[in-house]
Amino acid sequence: MEILTWTYILVGLSFALYIGIAIWTRAGSTQEFYIAGGGVSPLANGMATAADWMSAASFISMAGIISFAGYDGSVYLMGWTGGYVLLALLLAPYLRKFGKFTVPDFVGDRYYSNTAKVVAVICALFISFTYVAGQMRGVGIVFSRYLEVPIEWGVVIGMCIVFFYAVLGGMKGITYTQVAQYCVLIFAYMVPAIFVSIQLTGNPIPQLGLGGSIADGTPLLDKLDGVLTELGFAAYTSGRKSITDMFMITLALMVGTAGLPHVIVRFFTVPRVKDARLSAGYALVFIAILYTTAPAIAAFGIFNTIDTTSEKNISELPQWISTWEKTDLIKVNDKNGDGKVQYVADPAVNELTIDRDIMVLASPEIAELPNWVVGLVAAGAMAAALSTAAGLLLVISTSISRDLFKTFRPEISEKKELRIARLAAAGAIVLAGYFGVNPPGFVAEVVAFAFGLAAASFFPVIIMGIFSTRINKEGAISGMITGLLFTIGYIVYFKFISPETNTSEFWWFGVSPEGIGSIGMILNFIVCVTVSKFTPAPPQAVQDMVQEIRIPRGAGTAQDH
Amino acid sequence: MPAQNEKMKAYWRKNLQTLFILLFVWFVVSFGCGILFVNELNEIRLGGYKLGFWFAQQGSIFAFVILIFIYVVRMNRLDREFDVDEE
C-alpha cells in the first residue's frame with residue numbers, strides 16, 4: 001500500500017480509539033472533571049504524565065536539535081528529565097496531601113490571600129497559553145506533511161478531536177486517552193530507532209548502539225567527531241556553549257519542568273501520597289525510554305545524512321531526499337556546479353540545507369522500512385501533540401472556572417461550575433486554534449521561555465510554602481512578581497527590543513535568555529525570604545496546615561472543602 | 001501532645017536528610033559529571049562513549065530514575081517506622 005493510505009488508516013484508527021475512550025470515560029462531576037475522581041492508579045498516571053509531558057517538540061524536534069547541537073543538546077535531555085526528581089522529592093507528595101485541585105488553590109490557601117491566588121492564576125494562564133499554541137501548530141504541521149491537507153485544516157481537525165475529549169471527558173477522559181496516546185507514541189518512536197540501530201551498529205538497543213561501532217570497527221561517536229571536524233563543524237561530543245550557560249539553561253529547564261502546572265496537577269489524581277511518589281517514578285521511566293533513545297536517533301540521523309550525501313553525485317542521492325525535498329525540509333543547491341553535494345560548515349560553499357525535524361520524520365525512510373512505519377510515526381507525532389494540548393487546555397479551563405470564578409462567586413452550584421469549566425475549555429481551544437493557524441512570529445521562541453517563567457514564578461513559592469512555615473503572603477507575592485517581571489524583562493529585552501545585542505558579551509554573567517529563569521528563581525527566593533523576615537508571620541492555622549501536609553497519613557481523595 | 005510533636009520533628013528531620021543525600025547525588029550526576037567536569041571525564045572511555053558525554057546524554061537520566069525509586073522505598077519505610085503511613 002501507499003504511504004498516504006497507511007497514514008490515513010493508522011491516524012484514523014488512533015483517533016477512533018481516543019474518541020471511543022472519551023465517550024466511555026466522560027466526566028459527571030467537577031471532581032471527575034478536575035482530577036479524574038482521584039482514583040487513577042500510579043502506573044496509569046505515570047503513563048498519562050509521560051504523554052502529557054512529551055509534546056510535539058519532544059517527539060518531532062528534539063532529536064534533530066541534538067543532531068546539530070551535539071553535546072550542547074544535552075541541556076534538553078538532562079533539563080527535561082532532572083526536573084522529575086525535584087517534582088517527586090520536593091513537590092508531588094506534599095501537594096497530593098494538601099488535597100485540592102490546582103496549583104493556584106495551594107498558593108491561595110498557603111498564603112491565605114486571594115491576591116496571591118490571582119497572581120498564580122495569571123502565571124498559570126500565561127505559561128499554558130504560550131505552550132498550547134505551539135502544540136496546535138504541531139498538529140497542523142503533522143497533518144500537512146503526512147496527510148497533504150493545508151495546515152489550517154490540520155489545526156481545525158486537531159481542535160475538533162481535542163474539543164471532543166477534553167470538553168466531554170475533563171481530566172478523566174484526558175487521563176485514559178493519554179495512556180493510549182503514550183503507547184502509540186512510544187511504539188512509533190522506538191520502531192524506526194531500533195531498526196536504524198541494527199543497520200548501523202548491529203545492536204538492537206539504540207542506547208547501546210549509540211556507544212557501539214560501525215561496520216569498519218570505529219566507534220560511531222568517534223567516527224562522527226572525525227567526519228564533522230573534517231567538514232569544518234565542531235566535534236559532536238564537545239561543547240560550544242560556555243559552562244555557565246549550559247549550567248543555567250539546564251537548571252532553568254529542570255526547575256521549570258517541576259513548576260509546570262499541567263504536570264503538577266497530574267499528581268492530584270492518584271489516591272494516596274505514596275502513589276504520588278511512585279507515580280513520579282513511573283512517569284520518569286516512561287519519559288526516559290524516549291529521552292535516552294533521542295540522542296541515539298540524533299547521532300544515527302546526522303551520520304546517515306552525511307554518509308549518504310556528502311561528496312555524492314546529485315543524480316545518485318537516495319530516494320528519501322527527493323521525497324522530502326518536496327516539503328522544503330531538505331534542499332540541495334549545486335552552487336559550484338560540480339554535480340556533487342558539498343555539505344560543509346561554511347554557508348557560502350555549503351550546498352545542503354537540512355531542517356532539524358527531518359531526523360525523526362524521515363527516519364523510517366532513511367532506514368528503508370516498510371510504508372506502514374511512516375504512517376505509524378505520523379500517528380505518534382499526532383499523539384504527542386494532542387496529549388499535551390489536552391493537558392494544557394484542562395489547566396486553562398480549571399484556572400478560569402475554579403480559581404477565578406469560584407473564588408469570587410463561591411455560591412455557584414457544582415453543575416454550573418462544570419458548565420463554566422466546559423465553556424472555558426471550548427473557548428481556550430478556539431483561541432489556541434487561532435494562534436495555531438496565525439502564529440504570532442514569537443510563539444516558537446516563547447514556548448522555550450515558558451520554562452524560565454515557571455521556574456522564576458511558581459517553583460520557589462511552592463517549595464517555600466512546604467519547607468518553611470515562616471514565609472508569608474507578602475513574601476510570596478513580592479517574590480513571584482519579582483521573578484516573573486525580571487525574567488520577562490530580560491527575555492523581552494534580548495529577544496525583541498535589542499536582538500542585535502543577544503550575544504554572550506552583553507548577557508549578564510554570560511547567561512543567555514534561555515537560562516535566565518535560573519537567576520529569576522534565585523531572585524524570587526531572596527525577595528521572598530527577605531520580605532517575609534520584615535513582615536508578620538503567617539497565622540497559626542496556616543502554620544498548622546504546613547505541618548499537616550508534611551505527614552502522609554490522612555490524605556483522603558482531593559476534594560472541595 | 002509534646003511527645004507526638006517530638007516524633008514528628010524526628011520524622012521531618014529524617015525526611016530532610018534523605019532529600020539532602022538524594023539531591024546531592026542528583027546534582028553530581030547531572031551538573032557535576034555532565035557539565036562542570038565533562039572535559040575531565042571525557043578522557044575516560046566507556047565502550048564507544050566518552051564518559052562525560054555519556055553522563056550528559058544517558059547516564060544522568062538513568063541515575064534520575066534510580067534516585068526516585070530509592071526515594072519511594074526509603075520514604076515508605078520511614079512512614080511505617082514513624083506510624084504515619086496510609087492504610
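Leaving out residues up to four places away in sequence, Val191(A) touches Val373(A) and Leu376(A); contact here means that the C-beta atoms of two residues, placed from the backbone, lie within 7 Å. The model is a predicted one, in which local features need pLDDT of at least 70 and side-chain atom pairs count only at pLDDT 80 or more, while totals for chains, interfaces and linings use all residues. Residues are numbered from 1 along each chain as its sequence is written, and chains are lettered from A and ligands numbered from 1 in the order in which they are written.

Val191(A) belongs to helix H8 of chain A, which covers residues 151–201. Helices (H or I, at least four residues) and strands (E, at least two) are DSSP runs, numbered from the N terminus. Val191(A) counts as partly exposed because it has 19 C-beta neighbours inside 10 Å. The cut-offs go like this: a residue is buried with 20 or more other C-beta atoms within 10 Å of its own, exposed with 12 or fewer, and partly exposed in between, with C-beta atoms placed from the backbone. Between Val191(A) and Phe267(A), 76 residues apart along the chain, the C-alpha atoms are separated by 30 Å.

So what about H8(A) as a whole? A straight helix of 51 residues would span 75 Å at 1.5 Å a residue, yet H8(A) spans only 38 Å between its end C-alpha atoms. The expected span is 1.5 Å times one less than the number of residues. H8(A) also bends by about 125° at Gly170(A), where a bend is the angle between axes fitted to the seven residues ending at that point and the seven starting there. Just after H8(A) comes Gly202(A), with a positive phi of about 80°.

H8(A) also meets helix H13(A). Their axes come within 10 Å and cross at roughly 35°; these axes are lines fitted to C-alpha atoms, for helices over the stretch in contact, and the angles run from 0 to 180 degrees between N-to-C directions. The crossing is left-handed, a label used if the near helix is turned anticlockwise from the far one by less than a right angle, with right-handed used if clockwise. On the H8(A) side, the residues making the contact include Tyr182(A), Ile186(A) and Tyr189(A), and on the H13(A) side they include Phe286(A), Ile289(A) and Leu290(A). The residues of this contact divide into 13 nonpolar, two polar and no charged.

Helix H4(A) tells another story. Its 14 residues, 56–69, reach 19 Å from first C-alpha to last, close to the 20 Å expected at 1.5 Å a residue. H4(A) still bends, by about 40° at Met62(A). Because 11 of its 14 residues are buried, H4(A) is largely enclosed by the rest of the structure. Among the buried ones are Phe59(A), Ile60(A) and Met62(A). The cover over the buried residues of H4(A) includes helices H5, H7, H8, H13, H15 and H17 of chain A. Just past H4(A), Gly70(A) takes a positive phi of about 60°.

Most residues other than glycine have a negative phi. Tyr112(A), though, has a positive phi near 35°. Tyr112(A) sits in the loop between helices H6 and H7 of chain A, and is partly exposed because it has 16 C-beta neighbours inside 10 Å. Glu311(A) has a positive phi near 65°. This residue lies in the loop between H13 and H14 of chain A, and its 11 C-beta neighbours inside 10 Å make it exposed.

Ala116(A) is placed in helix H7 of chain A, and is buried, with 23 other C-beta atoms within 10 Å. Leaving aside neighbours within four places in sequence, the contacts of Ala116(A) include Lys473(A), Ala476(A) and Ile477(A).

Finally, the two chains meet: 35 residues of chain B are in contact with 40 residues of chain A. On the chain B side, the elements giving two or more residues are helix H1, strand S2 and helix H3. H3(B) gives the most, with 16 residues. That side of chain B divides into 23 nonpolar, eight polar and four charged residues.

Note on methods. Nonpolar A, V, L, I, M, F, W, Y, C, P; charged D, E, K, R; others polar.
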